[in-house]
Amino acid sequence: MAGLSTDVLVIGGGATGAGVAWDAALRGFHVVLADRLDLCEGTSGRFHGLLHSGGRYVVKDPKAAEECIAENRILREVASDCIEDTGGLFVTTPSDDRDYADRFAEGCRATDVDCEEIDPAEVLREEPRLHPGISRAFHVPDASIDAWKTVWALARGAHERGGARILPYHAAVAIRRTGDRVEGARLRDTRTGEELDVEARVTVNATGAWAGRIADLAGIEGVRVLPGRGIMIAMNHRLVNTVVNRCQMPTDGDILVPIRTVSVMGTTDVHTDDPDDHTVRQEEVDAMLEDGEKLVPGFREARALRVWTGVRPLFQDTKDDVADTRDVTRAHTLLDHTERDGVGGFVTITGGKLTTFRLMAEETVDAVCRQLGEERPCTTATERLPGSEDGEHYVIGERLARRESQLTDDQLICECELITRRKLEEALRRRGTDDLGDFRRVLRLGMGPCQGGFCMYRATGIMHGLDGMSVERANDALLGFLQERWKGVWPILYGDQLRQARLDDWIFQGVLDVGHLRT
Amino acid sequence: MRPTLHYDAVVVGAGVAGLTAAARLAEGGAKVCVLAKGVGSTHLAAGTVDVLGYDPERVESPAEALPELVAARPDHPYALVGVDAIGAALGWFAERVERGPQPGYRYVGNLDRNQLLPTAVGAARPSALVPETMAAGDLRAAEPVCAVGLRPLREFHASLCAANIARSGVEARAVEVPLDADRPDENALAIARRFEDPAVRRAFADRLASHLREGERVALPAVLGVRDPHAAWSELESRLGRRVFEIPTLPPSVPGIRVFDALRAAVRAAGGRIVMGAEVVGADRDGDRVTALRAHTAGRATTYGARWVVLATGGFASGALTLGSDWVVRERVLGLPVRGVPGAGEPRFGPDYFGDQPLARAGIAVDSAQRAEGLENVLVAGAALPGAEPWREGSGEGISLASGHRAAELVRAEEGLAAAA
């Protein structure tokens, strides 16, 4: 078995884990970051894309609101390229409690969330699709953030600045424990089956909703995470250009986030025992469409592209005498297992939200430093991520502008998301993976209205031709992509998107007959 | 509003089913008008005539498999039209293509044996009747294949195609021959238009010849011209001194456009009228008869009086059937009852992409004479009929041709019009 020695092993490649890798790398630690799937394929890649202003929490959880606005201001600087500065609105629709607006405004003042009340008529001029019966409206600094881009920038930064090893598709199959110390983990490459023994001075469990399982592997009891499952629906265009929240106590289906070429409606909250349970229930879809109508009348007539579920990690400590080991007022939870369980070299970070990933990472690496008895200050609040050096935000027309400048010298592979052949080939070479889903997340390949109908044949052909990939692997990549895509499509297939799906069926099952490539 | 235009039959839809019904009716002497919102699936499909490719295993002989299918699935459109009608319709189609606007272009094959043609991904796809320009692709032949990629074309990847052909046991390899192009990407139709030019073909053949090996047949993406594919194809065969065949690409489909052109010409040759860009939005009724169709044409509403109506409007792909976000299926043109829709609580789709998708078999409810439920003079043809999953069965063109052809026969019988010409 191959072996590797490092300062910090981070298990879990979501925003928190990648954030820990970036933070630790900047503090001069050598890091190994591992995830059982691709980076950002769990909760971080399965949310609505909202960078919170904190507005959502000003009444219900002021502490969370304060954290959000502070992190919002920091991320706008250090991760500018991953963020589109859409701004946010809280609007009182006729379905909402009218008294909440005053409590909201008061809460914003108390928590330092920038908030300006504006004339509903002005809001309707800016966002004409919104419900015309809006009675109050507030501007807040919500924004949309591309989690895939963020996580990859964190991982790339950790590698470039601190030589971090990034290991997607490496599952932790055992935690190395000697007496009262955790000394690393055994990883298994889920694609090749090869195992890798990683010896680490500190191991960070950043697996979110799966944190209990990793803690179990370390022989640590009582780390219980209750996954809260929520569904999100991507609509095929930007029904709004500003993040729109209903001005009421946070509940299901009350937020619409414009991100990239789509807008995402979220979300529900159903407790589940299995964080890998991605079942989408018809009732949830129906309820979400109904909620969409309350914000944007005619919502149901727009094309729904996909539906997916994400699991929030909700931490519950079943150990009784540990109230002092964690800050119970925080939405996230840091467990230093030296203090909690007398087991050194192991730290668990769970809970929280994408907006506060940097803060969570900072606190986690602070704990790592404490464990190692070293003092190394955190610099992630001021260090810009790769790609964000110029401090410019992402703007929606970016790809179109780039495409127009290359019109005469590069093939367009995905018309929906404006991905060129060169860009695809570059990503294919860089990632060295044959999972087309990985390119979906990195490039947004196949994420547009046609859901891969036209680009997937082209992408498979290019991938196969590039580095002498075997035809069996190319076929599996194509078939795997079609199956994976279908999972998010069929529970919400209606209207014009059904028409699109039938066209895609004609292409793949009719003209290409890919179903019979299976052997 | 009283109709200003009167027809014996108004056909809605300009796909294979609609154009076939219209041409047959016009050939029998009926005054016919086709109203279509746009072109049908011809422009998306492979341009082959697939009658029965899978059932669910690959079908070797449609002639042998069809009687069993009809017996086992009484709700299938083939059970409705009967096996004999399929053969008659195929014969009629092949004849119309031969008489059609593309000189010398013809279809080859029959119901006795499917031909196994490679797709752009290299899968072996079974078709009953195929353009002569594709026939040499049959993967039952042992002759090695050289698949030729044309660099500006994104819709055909020769190396992937060749690699999968090789998996099916026929020796195959790929070469890439760049075409002079103004743009880095061009679609199949744009390239096909350039292949109309003999000078382009000559230059291409010269460039390709040096890449070829003894005994190889040549696979090209289907770009050998729209107006005169026979000339383009035979010229390449003679210049290269070997068999050449086309492989259908992603849409727009050049061979599909040839089908559309041939059928449109058949309608016009028989005196029928075709109005494209006409969306039918309603009907005037007299009891259980439709007396006229209202359509939006050229920015205004026009009423077309009709003794008979043939609805060849397609299924979900064309938008003629819709599933709303309330999960109700509606027939959009006339609001007709539908059949084959899974009931409340039953799955509409399955989680396996290549598995059973129950909703796909929904269609307009008809009686055994293809009459829409409750209407005496409205017949349904093509993908609007319930009971089939054409792309999975490999039966799309067969169903459209046979049901369009038979709809015309039924009207002709009722009207006492001339028998088949």
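**View 1. Helix 4 of chain B, residues 83–98.** In this predicted model, helix 4 of chain B has 16 residues and spans 24 Å from its first C-alpha to its last. That is close to the 22 Å expected at 1.5 Å a residue, the expected span being 1.5 Å times one less than the number of residues. Helices (H or I, at least four residues) and strands (E, at least two) are DSSP runs, numbered from the N terminus. Buried residues of helix 4 of chain B are B:I86, B:A89, B:L90, B:W92, B:F93, B:R96 and B:V97. Seen down the axis of helix 4 of chain B, its buried residues fall within an arc of 165°, so they line one face of the helix. The arc is that of the directions from the helix axis to the C-beta atoms. A residue is buried if 20 or more other C-beta atoms lie within 10 Å of its own, exposed if 12 or fewer, and partly exposed in between, with C-beta atoms placed from the backbone.

Residues are numbered from 1 along each chain as its sequence is written, and chains are lettered from A and ligands numbered from 1 in the order in which they are written. Because the model is predicted, local features need pLDDT of at least 70, side-chain atom pairs count only at pLDDT 80 or more, and totals for chains, interfaces and linings use all residues.

**View 2. The contact between chain B and chain A.** Chain B gives 36 residues to the contact and chain A gives 41 residues. Two residues are in contact if their C-beta atoms, placed from the backbone, lie within 7 Å. On the side of chain B that touches chain A, helix 5 (158–167), strand 15 (321–323) and helix 10 (390–393) of chain B each supply at least two residues. Helix 5 of chain B gives the largest share of that side, 5 residues.

**View 3. An open parallel sheet in chain B.** The 4 strands of this sheet are in the order 8-7-9-10. Two strands pair if DSSP finds at least two bridges between them. Strand 8 (172–176) and strand 10 (244–247) of chain B stand at the edges with a single partner strand each, so one side of each is left without a neighbour in the sheet. Strand 9 (residues 217–221) of chain B is joined to strand 10 of chain B by 4 bridges, and B:P221 has B:I247 as its bridge partner in strand 10 of chain B. Helix 5 of chain B lies across strand 7 (145–149), strand 8 and strand 10 of chain B, and runs at about 170° to strand 8 of chain B. Axes are lines fitted to C-alpha atoms, for helices over the stretch in contact, and angles run from 0 to 180 degrees between N-to-C directions.

View 4. B:G363 is buried, with 27 other C-beta atoms within 10 Å. Leaving aside neighbours within four places in sequence, its contacts include B:G315, B:V338 and B:A384.

**View 5. Backbone details in both chains.** Most residues other than glycine have a negative phi, and most peptide bonds are trans. The peptide bond from A:G266 to A:T267 is cis, with omega near -20°. B:P251 and B:P252 are also joined by a cis peptide bond, with omega about 0°. A:Y169, a residue other than glycine, has a positive phi near 55°. A:Y169 counts as buried, with 21 C-beta neighbours inside 10 Å.
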